[in-house]
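Reader: I have a model open and some questions about it. Can we go through a few spots?
Author: Go ahead.

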Amino acid sequence: MKSVWEESVEVNSFERLKGDKKTDVLIIGGGLAGILCAYMLKQKGVDYILVESQTLCNGTTKNTTAKITAQHGLIYDKIINNYGVEKARQYLDINLQAIDKYREMCKDIDCHFENKDNYVYSLNDRKKIEKEIKALEKIGYKADFVSKTSLPFGVAGAVRFKNQAQFNVLEFVQSISKGLNIYEHTTVNELVGTTAYTNYGKITAKKLIVATHFPFINKHGSYFLKMYQHRSYVIALENAADVNGMYVDEDKKGLSFRNYGNMLLLGGGSHRTGKEGGNWQELRGVVSTYYPSAKEKYHWATQDCMTLDGISYIGEYSGSTENMYVATGFNKWGMTSSMVSAMILCDMVQGKKNPYSEVFSPSRSMLHPQLAVNAFEATVNLLTPTTKRCSHLGCALKWNPIEHTWDCPCHGSRFNENGRLIDNPATKNIKIK
């Protein structure tokens, strides 16, 4: 079950840590966000080390659909309602800067970078689309209302952002990771302040960036309440239509489309981790309806951290953890969010004020309806009697018969059928009796 990206490129490998080290900035986590932080710190001449417990991009990054866009669902109307016009304008501005940064970097990288329009559509709610268009007008961005698309079914309407982009993320990482100061197969077992202890030595750092997808330090930041994880599925199809753009349904359970070479990448079947959902079966039903002549070439799944308000948590880890920073909660938009994280955090660890940091502050208000849902799921699954418990905070695990894994409905940790850890925030394997 490899993604199309994994089949096309083998990412650079690095040795594990050998002995004690000292550095100005330690980055924990070798996904795209951590790698971009390392790349930018190197460009600035800042002393850094990146450690990864397995291999680079072995988690969410290799399973992305690799869309680079500032259009994260119908986010702008939501941000205006929650935080006002100026915060929405800042969110848009830095995400557009992130696209431009990719465009600049990819001029010299062979990574199938293509400029494409992005569309967020609704199947049956034209008013939602019109509200988003008006929200974008308030912040001074010209988006288009579209009633006809290249999709194989009708829509009530869509918002189009012109001149967004798509690429092969692992080809990109293969290029920018060359020469970076990285240690793979190096798990951080304990943190004491900003000193990290591994099985192969300790790393004494002045500042720390946690870029581990879901933060693994439980006693600070309340991330176990502020986030949950969501699984979604992708099928790569040959002999299917070229949709000439990137598309996503505004509904969390809707479909996603983009082309890569001669293949159509169809995404969907989503559900909260630990719950039942449509998975690949739902997608194959879509294929039989709309693309009966298509051939399935690849299929894979991914997992995303979802925040309370749809905005990533990028900045100081918590009010009580000095010199510690975090990048998490990318809400399925990891390409631009990873770049935004690197842009903000590279300023912060150098003691510079970033003008966009307040928008993404992990210390912003938790008072959103999703908080109650997360708390309820945690309570129910903590009280569910079973011997199969997550090694993160002890929630009851649920068997996933489609992927043959034990999944945690509380915070999204996953284990294979033998109890080996697949996805964090858990850091230890479990015993399966």
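Reader: Is S222 buried, exposed or partly exposed?
Author: S222 is partly exposed, because its relative accessible area is 26%. Buried means under 20% relative accessible area, exposed over 50%, and partly exposed in between (1.4 Å probe, protein chains only). A note on the source: this is a predicted model, where local features need pLDDT of at least 70, side-chain atom pairs count only at pLDDT 80 or more, and totals for chains, interfaces and linings use all residues. Residues are numbered from 1 along each chain as its sequence is written, and side-chain values use heavy atoms, with hydrogens and water left out.

Reader: Where does S222 sit?
Author: In the loop between strand 10 (201-210) and helix 7 (223-226). Helices (H or I, at least four residues) and strands (E, at least two) are DSSP runs, numbered from the N terminus.

Reader: And what is the phi of S222?
Author: Near 55°, which is a positive value in a residue other than glycine. Most residues other than glycine have a negative phi. N279 also has a positive phi, near 45°.

Reader: Is N279 buried or exposed?
Author: N279 is buried, with a relative accessible area of 7%. It belongs to helix 8 (residues 279-290).

Reader: Different topic. Which strand holds S232?
Author: S232 lies in strand 11, residues 227-238. It is buried, at a relative accessible area of 10%.

Reader: What does S232 touch?
Author: Leaving aside residues up to four places away in sequence, S232 touches G268, S270, A301, T302, D304 and K332. Contact means heavy atoms within 4.5 Å.

Reader: How do strand 11 and strand 14 pair?
Author: They are antiparallel, over eight bridges. Two strands pair if DSSP finds at least two bridges between them. E238 stands opposite M263 in strand 14.

Reader: How many residues of strand 14 are buried?
Author: 10 of its 10 residues, in a strand that covers 263-272.

Reader: What about strand 13?
Author: Strand 13 (residues 256-260) runs antiparallel to strand 14, and five bridges join them. R258 stands opposite L265 in strand 14. The two strands form a hairpin with two residues between them, and G261 there takes a positive phi near 60°.

Reader: On to the helices. How do helix 3 and helix 4 cross?
Author: The axes of helix 3 (residues 75-83) and helix 4 (residues 85-105) come within 7 Å and cross at roughly 140°. Axes are lines fitted to C-alpha atoms, for helices over the stretch in contact, and angles run from 0 to 180 degrees between N-to-C directions. That makes helix 3 oblique to helix 4. Angles under 35 degrees count as roughly parallel, over 145 as roughly antiparallel, 65 to 115 as roughly perpendicular and the rest as oblique.

Reader: Which residues meet there?
Author: I75, Y76, I79, I80 and Y83 in helix 3 meet V85, K87, A88, Y91 and L92 in helix 4.

Reader: Last one. What is the strand order in the open sheet of four strands?
Author: The order is 18-19-20-21, with antiparallel pairing. Strand 18 (398-400) and strand 21 (421-423) are at the edges with a single partner strand each, so one side of each has no neighbour in the sheet. From one strand to the next, the twist averages 35°.

Reader: And how many bridges are there between strand 19 and strand 20?
Author: Three, between residues 405-407 and residues 414-416, in the antiparallel sense. T405 stands opposite N416 in strand 20.
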